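Here is a short tour of some helix geometry. Have the viewer open beside the text as you read.

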Amino acid sequence: MSLTKFNPTCLRLGAAAAVLLAPVMAFAQEAAPAAAEAAPDVAPHVVYILNTLLFLVAGFLVFFMAAGFAMLEAGLVRSKNVSMQLTKNVALFGIAALMYLIVGYNLMYPGDNWTILNVIGAFSITSLQPVGATAADVDVSYASAGSDFFFQLMFCAATASIVSGTLAERIKLWPFLIFTAILTGLIYPIQASWKWGGGFLDANFGFLDFAGSTLVHSVGGWAALVGAIILGARAGKYGPNGQVNPIPGSNMGFATLGTFILWLGWFGFNGGSQLAMGSIGDVTDVSRIFANTNMAAVGGSVAALVLTQILYKKIDITMVLNGALAGLVSITAEPLTPSLVSAVLIGAVGGILVVVTVPLLDKFKIDDVVGAIPVHLVCGIWGTIAVVFTNSDATLYGQLASIVIIGLFVSITSAIVWMILKATMGIRVSAEEEMMGLDVVEIGVEAYPEFTKR
Amino acid sequence: MSLTKFNPTCLRLGAAAAVLLAPVMAFAQEAAPAAAEAAPDVAPHVVYILNTLLFLVAGFLVFFMAAGFAMLEAGLVRSKNVSMQLTKNVALFGIAALMYLIVGYNLMYPGDNWTILNVIGAFSITSLQPVGATAADVDVSYASAGSDFFFQLMFCAATASIVSGTLAERIKLWPFLIFTAILTGLIYPIQASWKWGGGFLDANFGFLDFAGSTLVHSVGGWAALVGAIILGARAGKYGPNGQVNPIPGSNMGFATLGTFILWLGWFGFNGGSQLAMGSIGDVTDVSRIFANTNMAAVGGSVAALVLTQILYKKIDITMVLNGALAGLVSITAEPLTPSLVSAVLIGAVGGILVVVTVPLLDKFKIDDVVGAIPVHLVCGIWGTIAVVFTNSDATLYGQLASIVIIGLFVSITSAIVWMILKATMGIRVSAEEEMMGLDVVEIGVEAYPEFTKR
Amino acid sequence: MSLTKFNPTCLRLGAAAAVLLAPVMAFAQEAAPAAAEAAPDVAPHVVYILNTLLFLVAGFLVFFMAAGFAMLEAGLVRSKNVSMQLTKNVALFGIAALMYLIVGYNLMYPGDNWTILNVIGAFSITSLQPVGATAADVDVSYASAGSDFFFQLMFCAATASIVSGTLAERIKLWPFLIFTAILTGLIYPIQASWKWGGGFLDANFGFLDFAGSTLVHSVGGWAALVGAIILGARAGKYGPNGQVNPIPGSNMGFATLGTFILWLGWFGFNGGSQLAMGSIGDVTDVSRIFANTNMAAVGGSVAALVLTQILYKKIDITMVLNGALAGLVSITAEPLTPSLVSAVLIGAVGGILVVVTVPLLDKFKIDDVVGAIPVHLVCGIWGTIAVVFTNSDATLYGQLASIVIIGLFVSITSAIVWMILKATMGIRVSAEEEMMGLDVVEIGVEAYPEFTKR
């Protein structure tokens with residue numbers, strides 16, 4: 001099994017490996033001083049340790065995004081659905097992890113073991129390297145299998161988290177979790193293998209998506225969009241004459257905390273996707289990525305702040321929060337090559353897109369409770385296109401074609417799953433249950449039993 | 001003073017040290033190229049830096065568990081006791097840190113300075129290595145004293161946090177803090193020295209407890225159990241005819257956030273307990289531990305999710321949260337040797353144990369407000385036994401004997417302290433004060449002055 | 001542009017660089033074994049990678065302090081102003097980042113490019129090192145430019161966060177953000193350049209301020225104090241006959257969470273200010289800093305706990321939280337040289353100062369909503385003076401003179417900006433708007449629409 005995520009970094013990794021091997025090859029007669037001179041700048045084992053450390057640190061940061069999504073969503077739903085939303089976020093992480101372990105990870109990184117050439121990988125459970133591994137047990141030029149699995153798993157779980165927010169307040173728990181299982185075990189890893197597993201989008205389309213504006217965020221976004229259409233809007237959201245009734249979230253403190261946690265986690269999300277920090281070049285690149293990721297979030301939040309002030313004469317805090325997230329999603333396809341100023345601009349366009357798209361969705365009566373479709377789908381597409389502005393290796397054709405191919409694949413497969421679930425077990429609670437709130441109906445534990453007016 | 005935590009890692013550390021010394025010993029006539037070849041894979045100073053870094057990163061993660069416990073407990077008590085619960089969590093951390101500084105740390109790692117051979121260590125205050133230390137000032141094969149103290153302190157504080165949740169809503173602040181001082185300054189470090197300080201459980205029983213299912217979690221659990229029995233249940237919890245009245249927590253958002261923070265911190269808790277990451281073997285092991293720790297939490301939460309659905313037809317979110325924590329506690333005694341699937345199963349058994357044990361405690365009218373006894377004591381025992389399934393160095397006898405010895409020691413000493421506190425200053429607020437809530441009585445600041453109905 | 005923060009560390013860094021160059025210079029005839037012996041203990045590239053990694057990890061920890069300030073402040077204001085306070089915290093971070101990018105960073109680290117010699121640096125936008133940098137592109141003895149910018153930016157943002165809390169519940173959003181822009185783009189970086197940029201306080205006064213008790217915390221404190229005086233107290237805070245009406249915060253859970261997050265972030269704040277961890281000396285120093293920072297917070301919180309119990313017979317949780325923060329601010333000027341016990345004492349004095357200063361401010365009718373002036377200004381001064389007790393390089397004269405010079409500069413410039421804003425656009429909402437709450441007036445989104453009694 002190949003552990004290598006196929007993105008531009010791999011070329012650098014390859015180069016690094018060559019450099020590392022140089023001293024061995026150069027070893028010769030007059031060698032003593034030469035050997036000293038030709039020694040690698042960073043010892044191979046140290047490179048391995050540092051790369052692994054990057055995955056571990058970035059991995060726990062991305063893990064914490066699960067808490068970020070939980071808080072964001074808990075803050076943006078009404079208090080009668082908060083326990084449900086929290087439960088879903090804990091449960092979906094568990095389901096995603098199990099599915100990724102059992103089948104997803106190896107499906108996503110098939111190496112040479114494709115089931116259908118360059119399209120669908122091999123099906124097998126993930127295993128780790130032995131305890132107390134030696135250089136012979138591992139790929140010294142990369143990182144430990146366990147750290148790679150740990151890091152990649154968090155991306156898979158993030159994809160599922162995106163769906164959860166859009167469909168809040170009216171979907172049943174178990175159909176949602178079944179959808180999650182299929183999304184994280186099959187849909188996500190298969191399409192991700194097309195790029196990061198070295199599949200046809202990587203090999204034939206020159207598609208570039210550094211940390212997953214398309215492969216993670218738009219995938220969650222498409223699944224959410226299709227789900228929202230099939231599920232329908234919440235009762236009372238859209239009036240008979242086209243009016244839109246805002247349904248305020250219950251806790252802006254949680255929503256803001258969730259946004260900050262996601263922002264924090266994104267340093268791991270994008271920074272870890274460099275996949276290496278064992279050389280001056282790699283660690284300097286990780287630094288660029290951290291700085292750019294931060295500036296894109298800044299661009300998105302400030303743009304949303306200013307635009308809502310201009311448009312509505314008041315500032316909508318939920319727009320500012322989603323603006324920050326929009327900036328983060330927008331920079332995710334290419335956080336390395338932009339300058340700091342370009343990162344601000346890429347993020348700012350994302351922030352503007354969110355402010356513009358939210359009312360647009362309402363026009364089509366697509367009820368997205370937390371704004372995940374504008375943030376993750378719209379800005380995921382924008383970010384993927386924006387790669388061409390700062391990375392000359394990207395082509396507009398390759399980016400657009402990949403966006404369309406992945407969009408079609410995820411939409412169609414998601415629609416099929418949602419339709420089957422709807423036809424068999426049903427995906428929506430009854431109107432009465434929706435009014436009572438999902439906490440009473442499915443969870444039996446209210447989130448704030450002493451606060452709410454009921 | 002020895003800084004070495006005596007667990008299987010030490011053997012590896014010793015081996016590493018031997019390897020590191022090899023080039024020096026091998027230095028000889030034809031040495032030039034040989035020296036280059038025999039150079040350690042990772043330079044000794046780099047090993048020291050990386051080990052120290054592991055403790056610093058793991059240490060701040062475990063530190064953050066203090067926030068996790070605070071949020072979990074604040075979410076699971078009624079709003080009239082939230083300020084008290086928060087205050088206790090900040091205060092107990094301070095008391096624990098002071099006691100561990102003054103006496104606990106050196107008591108726990110006596111090196112050769114035992115007061116009573118292999119049973120009670122030396123009493124002395126902790127000091128650090130000099131500013132700008134050189135190789136001569138430190139143990140180059142290990143890590144800095146400051147980082148070790150920082151890391152180990154967090155374990156001590158975690159032990160005290162466990163007690164705090166069980167006894168919530170009726171215990172007085174100051175007796176609780178006095179108990180905390182004795183637990184963290186004497187009880188915890190003495191029993192931990194028996195294993196991690198190289199004491200008799202390590203030397204004579206072959207006891208294995210990688211990161212503390214027994215030494216940390218069950219210790220907190222025993223102290224909580226004894227305290228709960230002596231303190232008695234909250235007013236109204238148990239009816240006259242054996243009925244159990246659920247007392248819902250005030251904020252599921254905080255409870256969920258706390259769980260996620262604890263889950264995050266656990267990567268440091270278990271990963272840092274490898275005590276080294278300066279070699280391919282060590283960093284690969286840390287990766288295994290991260291991945292296994294995560295999968296055990298997944299196993300625990302999903303098992304609790306499914307089981308509560310089956311048993312009660314509704315999902316109890318507090319059970320799902322405690323299921324995740326149960327999985328984490330269960331894997332803590334041995335997060336390294338299990339496969340990913342074994343980790344899921346070990347965690348799942350923990351999750352099931354919690355769902356089963358909570359009503360059992362109620363049978364005995366032991367009122368554990370947050371479920372800390374099922375999570376930390378029951379699963380701490382389970383996890384310690386489960387070591388024998390994946391680590392052939394463990395013996396069932398050694399594990400069981402150690403569980404019993406530590407259980408007896410902690411229960412008896414805790415009971416004595418609780419009894420003395422009860423007899424002298426009293427440990428429980430009056431019935432009237434309990435009804436009013438501890439925030440009004442002892443803190444004078446309500447947690448949510450504008451939300452609650454009173 | 002120099003990337004070097006001018007503090008005692010630089011001397012060590014210089015020494016380290018000399019050592020690193022030694023093998024090159026020593027290279028000679030009989031060199032082979034000699035070369036091996038004289039090889040640096042840590043390879044130069046590894047030093048660079050580790051230093052950069054320190055900035056990245058410390059940087060994300062300090063970033064998270066933005067969430068800490070947001071939670072602390074959201075918890076300590078009334079619920080009608082929570083959305084505003086959250087919005088301000090997200091927005092100020094964005095404004096600070098933009099200003100620091102455009103002008104602040106280079107103004108703060110002018111290297112040889114001073115506009116006015118040793119007083120005001122050069123004005124220019126920040127740029128990063130190229131993608132895939134090589135040793136020739138970077139300062140190998142330091143760290144990547146991107147990581148340094150990322151880390152330093154977070155300090156600038158923290159300064160602005162301090163102001164936000166004091167002025168809560170009555171200041172208009174946009175004037176506050178304009179002040180933030182000037183504070184973070186000009187006031188903060190100019191005065192910081194005097195020390196960390198190698199300006200006159202560093203060159204001529206021997207001023208020592210390791211991580212910014214004065215340069216960060218007191219600066220925020222002075223700006224807040226002047227702002228509070230010009231803005232005036234909240235309606236109803238001070239009665240006509242000198243009585244002080246406490247205005248309780250809305251959510252102690254958020255306040256406590258915010259404190260723990262700030263505490264966590266402070267490990268990065270102080271630890272990262274070592275600016276290096278590529279040697280035994282540096283990483284051991286970082287460990288000392290982590291341990292001391294933690295013990296100072298402990299000293300501050302426990303001192304406030306005990307003192308409020310003695311003075312008021314009840315414990316004020318907000319005092320305990322501010323006590324922890326006071327300890328952290330107090331140790332920030334010198335977290336390296338104190339022993340663990342000294343760190344406790346330095347922090348404890350900070351905790352006591354807070355308990356004493358809060359009522360003092362009320363005497364002068366200076367309305368500081370969250371207690372930022374006692375914590376950041378008073379303890380910032382205390383911590384800066386306390387350097388002389390443990391670091392023999394510090395002089396009382398140099399410390400006091402620098403405190404006064406920076407205090408005057410920040411107070412005067414802040415006062416001018418606040419006055420201009422007051423005279424032009426106004427800085428305070430109307431009495432009626434203040435009563436309604438800023439969420440309804442300026443944000444249009446209530447924080448807790450279902451909880452509050454209105």
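## Ground rules

This is a predicted model, where local features need pLDDT of at least 70, side-chain atom pairs count only at pLDDT 80 or more, and totals for chains, interfaces and linings use all residues. Residues are numbered from 1 along each chain as its sequence is written, chains are lettered from A and ligands numbered from 1 in the order in which they are written, and side-chain values use heavy atoms, leaving out hydrogens and water.

## Between the chains

Helix H3 (residues 44-76) of chain A packs with helix H10 (residues 280-312) of chain B at an angle of about 20 degrees, their axes 9 Å apart. Helices here are DSSP runs (H or I, at least four residues), numbered from the N terminus; axes are lines fitted to C-alpha atoms over the stretch in contact, with angles from 0 to 180 degrees between N-to-C directions. H3(A) is therefore roughly parallel to H10(B) (angles under 35 degrees).

On the H3(A) side, the residues that meet H10(B) include Tyr48(A), Phe60(A) and Phe63(A); among their counterparts in H10(B) are Val283(B), Phe290(B) and Asn294(B) (contact means heavy atoms within 4.5 Å).

## A bend in chain B

Helix H12 (residues 340-363) of chain B has 24 residues and spans 35 Å from first C-alpha to last, close to the expected 34 Å (1.5 Å times one less than its number of residues). H12(B) bends by about 30 degrees at Thr357(B), with Pro359(B) following within four residues; the bend is the angle between axes fitted to the seven residues ending there and the seven starting there. Just after H12(B), Lys365(B) has a positive phi of about 55 degrees.

Definitions and conventions:
Helix = DSSP H or I, 4+ residues; strand = E, 2+ residues; numbered from the N terminus. Parallel < 35°, antiparallel > 145°, perpendicular 65-115°, else oblique.
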